[in-house]
Every structure is written in structure tokens, then in C-alpha cells.
Amino acid sequence: MKNKELKNQDSIRHVRGESLFLDDFSVPEGTLYAVVFASPESHGIIRGLDITGALAHKGVKAIFTYKDIPGVNQIGGIIKDEELLAVDKVEFTGQPVALVIAESAECAREARNKIKINIEKLEAITEARDAFAKGSFITSPQIFACGDTEEAFTKCDVVIEGTAESGGQEHLYLETQAALALPAEGGNLKIISSTQNPTAIQRITADVLGISYNKIESEVLRLGGGFGGKEDQATPWAVLAGLACYHLRKPVKLVLNRHDDMYMTGKRHPYSSDYKLGFSKEGKLIAYEVSFYQNSGAAADLSTAILERSLSHCTNTYFIPNVKATGYCCKTNLPPNTAFRGFGGPQGMFVLESAIHKAAKRLGLEPHVIQSLNLLKEGDAFPYGQKTENCNAGKCWSRAVEKYNLQHIAEEVSSYNNTNKLYKKGYAVMPICFGISFTQTALNQAGALVHIYTDGSVSISTGAVEMGQGVNMKLRQVAAEIFSINADLVKSETTNTTRVANTSATAASTGADLNGKAVEQACRNLYSRLMIFASQQLSAEVSSLELKDERIYSAGKPTELTWSELITRAYWSRIDMTSHEYYAAPGVFFDRVTGKGNPFAYHVYGTAIIEALVDCLRGTYKIESVKMIHDFGSSFNNVIDKSQAEGALMQGLGWMTMEEIVYNSEGRLITNSLSAYKVPDINFTPDEIDIEFLSDSVNPQSIFNSKAIGEPPLMYGIGAYFAIRNAMQAYRPEADFDYTAPIAPERALLNLYKKAEALK
Amino acid sequence: MRKIIRFILNDEIVETQAHPALTLLDFIRKQKHLTGTKEGCREGDCGACSVILGESNGSYIRYKAVNSCLFPIGDADGKHVVTIEGINIDGLTPFQQALLNEGGTQCGFCTPGFVVSFAAYLLSADKFIYADAIDSMTGNLCRCTGHTGIRRSAEIVIDYINRNWDKTTFHRAESLINLNLLPSYFTAVPDKLSKLIIENEEICAEEKKSCLQRENDIIKPGIALAESGDMLVAERPNNFFQPKEELFWISGGTDIFVQKGDELIHRDVNLLSSVLAEPVITIDGSACKISANTTVADLENSSLFNQILPQFREIARLFGSQQIRNRATIGGNINNASPIGDMTIFFLAMNAKIILGTGNKWRELLLKEYFKGYKTLDRNPGEIMKSLFFRLPHKRAKISFEKVCRRTYLDIASVNSAMYLLTDNDIISTIHLSSGGTGPVPMYLKSTCEYLTGKAVSYNTIKEAARIADGEISPISDIRGSAEYKRLLLRQLLFAHFLKFFPEKINTFKDKNFYHRDTENTEIF
């Protein structure tokens with residue numbers, strides 16, 4: 001790649017406030033506005049719904065309920081278990097029941113207050129363990145296993161058991177869920193929305209309306225943040241707008257306000273887990289059993305796939321020969337929990353890290369001694385059978401230990417703690433390993449449509465959705481690299497199902513990988529065509545020609561054929577300057593019955609060292625530094641990749657520290673506003689974040705040897721939890737604190753001052 | 001109130017007959033179609049809607065950032081409102097370029113808000129200091145970048161400004177224009193705004209003749225101010241304007257727009273800013289007097305107030321974001337009667353008094369006697385708060401404010417507490433302690449203060465004081481924390497107050513039970 005330092009040119013509009021988000025689009029005159037009326041109860045039977053008052057409200061045009069659905073009342077993705085609009089029962093607070101359409105959103109909200117619903121309340125389950133005890137599940141349990149844990153435990157020097165809890169996380173994409181449905185002729189619709197998955201919107205809208213897929217055009221310009229929260233959960237709002245538009249034949253816009261967005265949508269899954277870990281007295285891990293109780297919420301959504309990733313990532317970056325991991329999707333009366341950056345991986349890793357820290361305490365070792373002793377090596381097998389290839393676990397670890405001088409950090413922390421009483425420092429090392437690919441093998445496909453216009457400018461359409469991760473820029477770079485033209489000549493188009501069909505969601509960190517490969521292939525097709533044409537024009541061998549810096553070179557010498565001259569001539573010679581290409585990631589497969597296969601195209605590795613300072617008087621803390629060696633493969637956009645790493649890290653820090661979702665015992669969200677749900681602000685950012693790109697990382701499985709970057713660095717955040725805990729431990733060396741995240745200041749203080757007997 | 005609202009929006013004069021409580025955000029986006037200003041939360045917590053407000057101060061314009069989602073358009077009258085579109089130049093400003101280079105923008109939704117807040121900082125700062133620049137963006141959330149690129153960008157630009165600042169140029173805007181940090185139209189704004197203000201006054205005089213309001217209905221500037229969480233529901237003092245069943249009074253708007261955003265445009269409202277003079281901070285004999293409409297930022301920026309309480313600037317940063325501090329008033333914070341109001345907690349420890357009343361009947365009341373129960377005040381119907389005053393602190397006074405919340409900045413306290421302390425030879429001669437989040441009202445810890453008076457500062461004294469304080473408070477479990485946590489936290493904060501000034505006298509580790517609590521009994525200590 002010629003220019004890895006290229007800035008994201010799309011950002012020019014961002015910093016000037018000129019980038020358009022859904023709510024910024026000029027809408028046609030006569031556009032109507034939709035507001036969702038949702039269940040105020042978490043579980044119950046609908047005994048009555050009175051919309052007469054709301055219908056009579058001035059400015060209201062229509063109110064739709066399930067009765068107005070001409071097709072199927074079903075939006076479930078993996079499992080068909082979720083109604084678009086509730087029929088006779090509700091299973092979570094915030095479940096859509098009716099849709100109010102009015103001249104303005106304000107008017108629709110006023111009318112919504114006049115809807116009366118009579119619900120016979122049933123008992124609500126809010127905790128995964130309660131659901132488990134009551135036999136409330138989404139599906140049957142999933143198991144990943146290798147070796148023989150039962151046998152292996154008998155051979156371990158030490159076996160420990162414990163529990164670990166990790167909390168949910170609100171996506172808090174700054175742009176809330178939003179959709180605009182526009183009527184088209186012949187009963188067709190165009191739906192523009194803020195979704196990571198425009199194809200899901202196309203399919204589900206068509207199914208709900210009972211019409212064919214080709215009657216729905218689904219389009220996305222960009223998202224004001226997604227983080228997984230718009231993979232499945234952008235769908236209902238777009239479909240509802242489509243439903244209203246279908247009936248009224250008027251443009252309908254539906255933008256959730258922040259409050260509605262927070263209480264109607266699902267979040268990262270909270271997990272409660274039990275583990276048993278067996279190891280030698282040196283700290284070599286021998287056997288690991290873990291049970292994950294996933295709080296799935298009221299419907300499947302993506303929960304089963306997320307659980308699968310918790311299972312596949314339960315050993316993080318370590319080799320453990322005997323593993324049995326069992327996962328339960330526990331059905332509760334919360335909004336269906338959903339994808340969130342890391343997709344169950346972080347939850348799985350947190351449990352093993354907890355176990356390792358507990359084991360270290362038992363053995364009187366530093367946790368990093370156990371961590372480093374068990375890192376994956378080349379050819380080691382994961383519990384799902386896949387073997388590591390180009391394994392960088394050890395490289396990242398030793399480079400981090402060396403570059404950041406772990407020994408020195410440990411000494412500094414210790415000396416600080418010896419001289420300070422109420423402030424304590426702590427540190428932790430967090431190595432990661434994250435598999436890249438959709439675990440549903442079929443989703444690992446992508447299409448690209450590339451046009452070259454007669455002025456030499458290039459247009460790229462793919463299934464990738466731009467949500468801040470810079471995929472549009474990366475795709476432009478791919479085309480610019482192949483054609484050897486300036487990236488300014490290349491434009492990434494909106495994501496539109498009429499240009500590229502049957503797309504997978506932009507998720508699982510695969511956006512640039514899969515779509516980049518498809519673009520690369522399409523561009524190579526065009527390149528070959530153009531070279532053949534040029535060879536005729538120049539009467540030269542194709543093999544002697546190359547495109548370089550917007551000019552054809554023949555045997556290394558510049559010719560008269562510039563890029564634009566070449567394109568103009570090609571057009572007049574009737575050369576097709578459009579190519580559609582398709583990419584299916586090779587070599588990935590997974591057998592769900594045996595739990596074995598090669599589910600991932602490759603793995604991303606890294607090691608971070610995190611330092612924290614805890615004010616043990618107030619129970620508050622600061623993450624002082626995060627230093628990481630991260631395996632970016634061979635990054636072809638350093639600015640984008642580095643800021644992805646920084647952003648993911650920060651979301652991980654938030655998940656582990658201040659971000660805490662609270663539902664009351666009836667399943668009503670208490671942290672339903674930004675004044676109650678806190679995410680890291682500019683002051684919480686560690687003073688020092690150092691990111692080194694691991695050198696010499698090759699990755700032939702991906703575009704230009706790069707590696708996916710969206711999700712993996714989030715998991716470094718787990719290290720912050722253990723760094724804080726490490727500092728707390730210095731204040732109370734005898735204590736064995738519980739392993740519950742997030743460690744918000746309340747939890748920190750209550751643990752610091754817990755009575756000795758109350759600590760195990 | 002004048003019906004036509006006239007102000008300068010970027011470089012254009014705009015006129016509107018909109019409802020005065022229409023938010024500036026909705027006006028900008030829906031009526032002017034300037035979509036760079038975003039709606040993110042509508043509660044002043046994300047800053048995506050940030051705009052700059054310029055107010056003429058006779059000869060120059062004072063600029064500050066505000067949340068347009070909590071800003072009634074009526075308050076824009078006679079002002080200069082600057083959105084992201086009004087900050088853009090041909091090409092990119094150095095800050096915009098830095099954001100691009102440093103990965104300080106990803107999805108781009110929050111970015112205009114950051115650019116606006118940073119520009120407001122550049123327009124208003126005394127000196128350009130990196131830490132202050134970061135503080136100016138405390139009210140802006142970016143969910144994508146982790147803020148790291150934004151911090152780098154701020155550092156680069158602050159450095160660039162300090163290296164290139166033309167000290168000979170008198171006008172701030174001109175200097176910023178020279179450095180490509182502002183568009184050139186800013187130089188013409190002062191004249192334009194002066195003219196607009198004169199025109200507004202003329203229109204106002206015209207309208208008054210035909211207006212329903214009578215001269216004597218107008219509260220005389222600077223005399224009275226009423227707020228109850230930024231509103232006073234229809235107590236109709238002086239038959240203020242058109243008497244209606246429910247009349248909303250809006251001052252800073254930082255609370256009422258969060259609570260009743262949708263409702264206000266259907267109600268009669270009065271914007272206190274339109275009838276009141278500038279906030280006043282004065283020294284009256286041995287007391288400092290602050291008019292109720294004084295904002296946190298007014299106090300921070302007052303050189304007089306900084307002389308009296310040099311600690312305040314640092315403390316105020318814990319109160320809220322720059323945007324909120326620019327709008328939230330002391331009267332609003334006190335009359336909101338929130339048990340965790342930061343300013344209230346601070347002034348309780350200053351043993352402040354307030355002046356409230358109506359017409360020509362005014363009375364003084366100790367702030368600590370004002371709160372009668374949850375959101376209940378010792379205020380008679382029609383009474384309004386005019387000002388607050390407190391005795392100038394003794395020059396040896398030790399003043400401390402503590403606040404613990406989930407996130408250090410722009411968050412609501414789990415528990416906050418303030419202390420005013422005077423010692424003679426380590427014997428406590430005067431002490432005022434307050435605590436918030438520990439009961440239905442912002443509390444003055446009377447028994448604790450009584451116990452401490454006359455005592456020598458020692459670990460055991462503070463421990464006993466904390467025990468007494470625990471008996472005075474009655475926290476409940478809520479979203480800000482469990483009752484157990486809040487009780488423990490207040491104990492910790494009382495120690496924190498004293499540890500600041502007497503670290504050698506309070507060695508908490510002498511008592512090995514310092515971190516052992518008896519959780520079986522309700523008795524913690």
C-alpha cells in the first residue's frame with residue numbers, strides 16, 4: 001500500500017458539520033412523523049388497548065397496531081420469536097405495541113400520552129440465574145469442549161472454583177435509531193435508515209408487508225455510531241416506518257428520542273458465570289470448566305451467536321488442553337440484548353481472567369506469570385479445533401514486556417504503594433486473542449460493484465456500512481491502490497440493496513476485510529480489461545505494462561496513456577468499465593453439532609499493560625496509562641486503525657468501570673438517560689495511551705495483509721478492572737474481593753471497606 | 001415581552017415570532033435547516049447541540065458555549081448565535097485539520113459540538129492552557145474515539161496558538177481570524193449587534209404601546225428573581241405580565257428543559273433574562289452578595305469573587321460542564337431544592353443567607369433553614385429569591401468541597417459535602433459542614449458542627465464527628481447509590497476534608513479498624 005498515512009478524507013465533512021445523518025436529510029413536503037407506543041410493563045397479558053383519545057388528537061393521521069400488518073408479524077433474525085408489534089402479550093418494558101403517525105414528532109408524542117393500555121401483570125424475570133432456575137431459555141444449551149476435564153482435574157496440583165459477573169452496556173451511539181420510509185410507484189418503498197444491516201431491513205419489511213424483496217430498496221448513507229446496536233436493533237424502527245408508509249403512501253420518518261432509544265432497545269448481555277480451573281503449582285493451566293448464564297432478554301435477537309462467541313473465546317489467548325464450556329441463553333423480561341463490539345467475546349474472556357487472578361493469589365504468583373506461561377503458541381488448538389496460524393500471542397507479549405519494561409512498572413507501583421497510604425497504584429497485563437469472521441459461515445460473503453466513469457473517476461458500492469470505522473476510506477484506498485490513482489478520484493457510494501444485494505451486516509469487524517476483498521477483485525477485473533486494451537493501443541505486451549501514478553508504463557517507461565486518456569479511449573472502444581465481484585472468505589467452516597471447525601479466517605493478537613491509581617479514601621480511580629502492542633497485521637491506514645484501537649479501548653474501559661445498567665426488580669430501566677448512565681468523557685481518557693503496531697505481522701487471509709480492528713482492542717479494557725483491583729489489593733492485602741464488573745466507585749468503596757469476615 | 005425575537009445567527013440577522021421557549025436547537029435545525037448542530041440527548045449531557053452565544057457588553061462581545069437543546073430562543077434575542085456553520089472557514093481551521101490528522105473524528109456526529117466548544121473556549125479564555133481547553137469540552141461526549149485524538153488535537157492547537165499569538169492585536173476575534181481559527185465575518189459582528197440591539201429597543205417601544213403589559217408590571221431590573229429549579233409555577237408575583245393559570249418562569253433552563261421540554265412551547269412562559277439586569281456580585285461591608293441570577297460561570301469569572309474564594313474555580317469544575325455552568329444560576333440551584341445541588345451544598349458551608357420576599361416585603365433567611373422537606377421550601381406563595389449573601393471568609397479559613405460520583409466530571413453526586421473551618425492552635429473555633437445526597441434536603445450537619453466546635457483536630461475527633469453525622473443523615477438507596485454506600489461515603493468525605501489540611505494529625509492507619517465496618521449492625525463505625 002502506497003500511502004498508509006493517508007488521512008480519512010471523509011472526515012473533512014465531519015469536522016465542518018457537513019456530513020448528513022438521517023435526521024439531517026431534507027424530507028419531502030408532507031412527510032409524517034412516527035412515534036412508538038411501547039409496553040409500560042415487563043411481562044403481562046394485554047387486556048385492552050384504547051387508542052381513541054390519541055386518534056382524536058389534533059394532527060394525528062393514523063395509529064397502527066399488529067392488526068395493520070398485512071404480512072407476518074415477525075422480526076426475529078436467527079430465531080423467529082419476536083413480534084414487530086405486540087399482539088396479546090408483552091414480554092419487556094419498551095416492547096412496541098402501537099405506532100402513532102402525526103404531522104410532527106412532538107404532536108405524535110403528545111398523542112401517545114393518550115393511549116391507554118390495560119395489562120394483566122405477570123411475574124417478571126430480570127436475572128439470568130433466576131431464568132435458569134425457572135427453566136426459561138431461548139434455546140437449548142451450547143457446549144464447546146476439548147480433552148477430558150473430569151480426568152484432568154484429578155491431575156492438577158490446584159483446582160479453584162468461583163463465579164464472575166459482568167454487566168450490560170448501553171451502546172450510546174450519539175445518533176439514535178432513525179429511519180425514513182419513502183413511497184415509490186407500484187407499491188414499492190425506499191427505506192433509508194441508520195442500520196448496520198440494510199439487507200435485514202429489506203427482507204423483514206417485505207415479509208411484514210407480504211411483498212417481494214425487490215419492492216423494497218434499502219439504503220444507508222452513514223451511521224452516527226453503531227457498535228453493534230444497529231445490527232439487529234435498527235430493524236424494527238425502519239420496518240415500522242415502512243409499515244406506515246405502505247399504508248399512508250406518504251413519507252414517514254421515525255427517529256427515536258434518546259429516552260425512547262435507551263429503554264426500548266437491548267444492550268450488551270450481562271453474564272453471570274461459574275468456573276472451575278485446574279493448574280499445576282507452577283501455574284500451567286490444565287483444565288477449565290465454565291458455565292455462562294447469559295441474560296438474553298425477552299427474544300433471541302443475536303443472543304445465540306453471541307453466546308457462541310463467548311464459548312469460542314472462553315480461553316482468550318491461552319492454551320488449555322482440557323476445556324468444557326457450557327452456555328445458556330436465559331430468557332428474561334428485559335429488552336432483547338444484542339450485539340455490542342466484541343459480541344460475547346469480552347464476557348467470555350473476563351471469566352478466565354478472573355480465574356487466573358484468583359489462581360495467582362492462591363499460588364502467591366503475579367497474575368502475569370500465569371498469563372505468560374500459558375500463551376498460545378504456533379499450532380496450538382483452540383477448544384473448537386482450529387489451530388493457530390501465524391500466532392502472534394508470544395510476540396506481542398514479549399514486545400510489550402520489553403518495550404514498556406514490565407519489571408520497572410511493577411517496581412514503581414510497589415514503591416509508590418510503600419510510601420502512600422490512601423492512594424494506591426495497581427497494574428495489570430491484558431493479552432488478547434480474537435477470531436475474525438462471522439461464526440455463521442454463510443455470512444462471510446461480500447459483493448462489490450465498481451464503475452469507472454469516462455472522466456476517470458471511480459464509484460464503489462459494497463455492502464459495507466460506514467459508521468465511523470473508516471471503511472469507506474479504506475475501500476477507496478483499495479481501488480486507488482489497484483489502479484494507482486489518487487484516492488480523491490474514488491468515491492464510496494451509499495450502501496444500497498439495489499446496487500449490491502444480499503449483503504451481510506457490517507459487523508464482526510469484517511467490513512473492510514470482506515468488502516475490501518470484493519472491491520479488490522472487481523478492480524483487478526477492470527485493471528485486466530484496461531491492460532488488454534492498453535496493450536492494443538500501445539502495441540505492447542500486456543505483461544510489460546503497468547499502471548503507475550495515473551499513467552501507463554511500458555517496460556518501466558512512461559507512455560502517453562494517462563489514466564484519464566486511457567479511460568476516455570476505452571469508453572469509445574466500447575470497453576465495459578463496470579465490474580461486479582463477489583468474495584466468499586475461503587477456508588472457514590464450523591459444525592454446530594460437534595462444535596468443531598475452522599470458524600475464523602484468522603486471529604488478532606495483542607498485549608496491553610494498564611496502570612490505575614485508586615483513591616482508597618473516596619473509592620474513586622483514574623486509569624493512568626494503557627500501553628499496548630497490537631497486531632494490526634499490515635495496516636494500510638494507520639490513522640484510522642489507531643483511532644479505532646483507541647476508541648475500542650475506551651469503550652472497554654467504560655464497560656469495566658463506570659458504565660452500569662440498572663433495571664429495577666420489575667424490569668424497568670432505571671439508567672434511562674445520559675444523566676444516569678455515564679460513559680467515559682474526555683477527562684477519563686488515560687493521560688498516556690501508547691499504541692505500537694506489531695511489526696512483521698503477515699496475514700494473507702485479509703486485504704493487503706491487514707487485520708480487522710473494530711472489536712479486538714475493546715478487550716484491553718478488561719485489564720483496567722484488574723489494575724484497579726490490584727491497587728485495591730495493595731490497600732487491603734488480606735482481602736479476596738469478588739469478581740464483579742463494572743467496578744464503579746460504589747463497588748470499589750464498599751469492597752475497600754468491607755468487613756474482614758465478609759470477604760472470602 | 002416583545003413578540004419578535006431578533007438576533008444574529010452566524011453572519012445573518014434573523015427574526016422570528018417563535019414561541020420564546022422553543023429551543024434554539026429546534027429553531028436552528030428545523031427552521032433554519034442548519035443541520036451541523038445535532039440532537040443527541042436533549043438533556044445537556046452530550047454537547048452535540050453546542051452553539052456559541054455572544055452577548056454584547058457595550059464595547060465588546062462576550063462569547064460562551066451553551067447547550068442549544070436547553071436554551072429558549074427568547075434568550076437569543078439581541079445576541080450573536082454561532083453554529084458550526086458559522087465557524088467554518090474556507091478550508092479547515094487548525095483544530096479541524098488536527099482532528100482529521102489525529103483521528104479525532106470517527107462517525108462525525110459529535111464532532112461539530114467539539115469544534116464549537118473549542119471555538120467558544122478560544123473566544124473566551126484569558127490564557128490558552130491545554131487543561132482549560134479540555135475542561136471546555138467536558139460537556140461534549142464522543143462515543144467513538146475515546147477522546148484521545150481530540151485531546152491530541154487540542155494540545156497541538158493550543159501550542160500553535162501560543163507560538164503564533166499576535167500580542168499586538170487587541171481584539172480576540174481578530175487574532176483568531178489571523179490564525180485561521182475563525183471566519184472573517186466576526187470583525188463586523190460588534191457593530192452589527194450594537195445596531196440590532198438599538199433596533200430591538202425601538203421595536204420594543206413600539207410594541208409596548210399596543211402591548212398588554214403595563215409598565216408597573218415589569219419587575220425592576222436587578223430587584224427580583226424567582227426560580228424553582230429554573231421555574232416558578234404560577235405564583236404570579238406582582239401580576240407579572242399576563243396572569244395565567246400556569247406561568248412558567250425560565251432562567252437558566254438547565255433543569256426545566258430536561259424535565260418539561262415538550263410541554264413548554266404550549267405554555268405561557270417568561271424568560272427572566274428579558275426583564276432582569278446583569279448578574280451582580282458585590283461586597284457589602286463584611287459580606288459578599290450575589291444576585292440570584294448569577295451563573296456558576298459568572299462566579300468563576302468574577303475577579304472579585306476569585307479574591308474572596310480563590311478555591312472556587314477549581315471546585316466549580318466539578319459542578320457541571322462549561323455549557324451548563326454558563327447557564328445554571330445560583331437561584332435555580334437553591335430553589336430547585338435538590339438534595340444534591342452542588343452550589344447549595346457549597347453555600348451551606350459558607351453559612352449563607354438568602355433574601356426572599358415580594359414587592360417591598362423582603363426577609364433574610366439562613367440558607368440552612370430554607371429546606372423543609374423533599375423539594376419543599378420555607379417560601380410563602382408569591383415570594384421570590386432575590387439574592388444570596390455570606391460573610392467574607394476569614395483569611396485563615398480552610399474551605400473544602402468534596403463530591404463523589406460515578407464519573408468525576410459532569411455527573412450528579414452520590415454524596416457531596418463542603419466545609420468551612422477556622423482553627424486556633426488546632427482547636428476548631430468555627431465550623432460549618434454540609435452534605436448532599438444524604439437525606440431529603442441539602443443538609444447542614446448541625447450536631448456534627450456543634451460537636452466539633454472547641455475540639456482539637458485528631459483522628460478520634462473526626463471519627464466521632466463522623467459517627468454523629470451518621471446519626472444526622474437519612475440517605476435512601478437510589479440510582480446514585482445505596483444508602484449503605486452513601487453513609488460510608490459521607491464518613492470518608494468528612495475525613496477527606498480534614499486530611500487536606502491536617503494530614504499529619506489524622507493518620508487513619510493508626511486505627512486498624514478504619515477499613516473494617518460492621519455490616520451486621522446498622523452501626524457502621
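The following legends describe close-up views of a predicted model.

**View 1. The interface between chain B and chain A.** In this predicted model, the interface brings 84 residues of chain B into contact with 80 residues of chain A. The area buried between chain B and chain A is about 6,700 Å², and carbon and sulfur atoms account for 57% of that area. Across the interface of chain B and chain A there are 13 salt bridges, and the count of residue pairs in polar contact between the two chains, both residues being at pLDDT 80 or more, is 38. On the side of chain B that touches chain A, the elements that contribute two or more residues are α1, α2 (94-101), α3 (111-124), α5 (148-164), β15 (398-404) and α17 (483-501) of chain B. Of these elements, α17(B) gives the most to that side, with 11 residues. Sorted by class, the residues of the side of chain B that touches chain A comprise 35 nonpolar, 26 polar and 23 charged.

**View 2. Salt bridges between the chains, with B:Lys38 and A:Asp24 as one pair.** The side chains of B:Lys38 and A:Asp24 form a salt bridge, with a distance of 2.4 Å from N to O. B:Lys38 is placed in the loop between α1 (24-31) and β3 (50-56) of chain B, whereas A:Asp24 is placed in the loop between α1 (11-15) and β1 of chain A, so the pair joins two chains. B:Lys38 is buried, its relative accessible area being 1%, and A:Asp24 is likewise buried, with a relative accessible area of 7%. A further salt bridge is formed by the side chains of B:Asp411 and A:Lys678, for which the N to O distance is 4.0 Å.

**View 3. A salt bridge between distant parts of chain A, A:Glu91 with A:Lys331.** The closest N and O atoms of A:Glu91 and A:Lys331 are 3.2 Å apart, and the two residues form a salt bridge. This pair links distant parts of the chain, since A:Glu91 is found in the loop between β4 (89-90) and β5 of chain A and A:Lys331 in strand β15 (residues 322-331) of chain A, 240 residues apart. A:Glu91 counts as buried because its relative accessibility is 15%, under the cut-off of 20%. A:Lys331, by contrast, has a relative accessible area of 24% and is therefore partly exposed.

View 4. The side chains of B:Glu450 and B:Lys446 meet in a salt bridge with an N to O distance of 3.4 Å. Both B:Glu450 and B:Lys446 belong to helix α15 (residues 446-452) of chain B, where they are 4 residues apart, about one turn of the helix. Elsewhere, A:Asp23, A:Asp24, A:Lys253, B:Arg29 and B:Lys38 are joined into one network by salt bridges that share partners. Over all chains, the whole structure holds 78 salt bridges.

**View 5. The contact between domain 2 and domain 3 of chain B.** Chain B is divided into domain 1 (5-190), domain 2 (216-393) and domain 3 (396-525). The contact between domain 2 and domain 3 takes 28 residues from domain 2 of chain B and 26 residues from domain 3 of chain B. These two domains bury about 2,100 Å² between them, 73% of it on carbon and sulfur atoms. B:Leu318, B:Ile340 and B:Ile345 supply 28% of the area that domain 2 of chain B buries against domain 3 of chain B, more than any other three residues.

**View 6. Polar pairs and secondary structure between domain 2 and domain 3 of chain B.** Between domain 2 and domain 3 of chain B the count is 1 salt bridge, and 6 residue pairs, both residues at pLDDT 80 or more, are in polar contact. On the side of domain 2 of chain B that touches domain 3 of chain B, α14 (342-349) and β12 (371-373) of chain B each supply at least two residues. The most is given by α14(B), with 6 residues. By class, that side of domain 2 has 15 nonpolar, 8 polar and 5 charged residues. B:Lys403 and B:Asp342 form a salt bridge in which the closest N and O atoms are 2.8 Å apart.

**View 7. The packing of helix α3 of chain A.** In helix α3 (residues 105-112) of chain A, the buried residues are A:Cys107, A:Ala108, A:Arg109, A:Ala111 and A:Arg112. The buried residues of α3(A) pack against β1 (32-38), α2 (52-56), β3 (60-64), β5 (96-102) and α8 (258-264) of chain A.

Notes. Residues numbered from 1 in each chain as written. Chains lettered and ligands numbered in written order. Predicted model: local features only at pLDDT ≥ 70, side-chain atom pairs only at ≥ 80, totals over all residues. Heavy atoms only, no water. Buried < 20%, exposed > 50% of the residue type's maximum accessible area, 1.4 Å probe, protein only. Contact = heavy atoms within 4.5 Å. Domains from an automatic or database assignment. Buried area = accessible area lost by both parts, 1.4 Å probe. Polar contact = N/O pair within 3.5 Å; in protein donor to acceptor, adjacent residues only side chain to side chain. Nonpolar A, V, L, I, M, F, W, Y, C, P; charged D, E, K, R; others polar.
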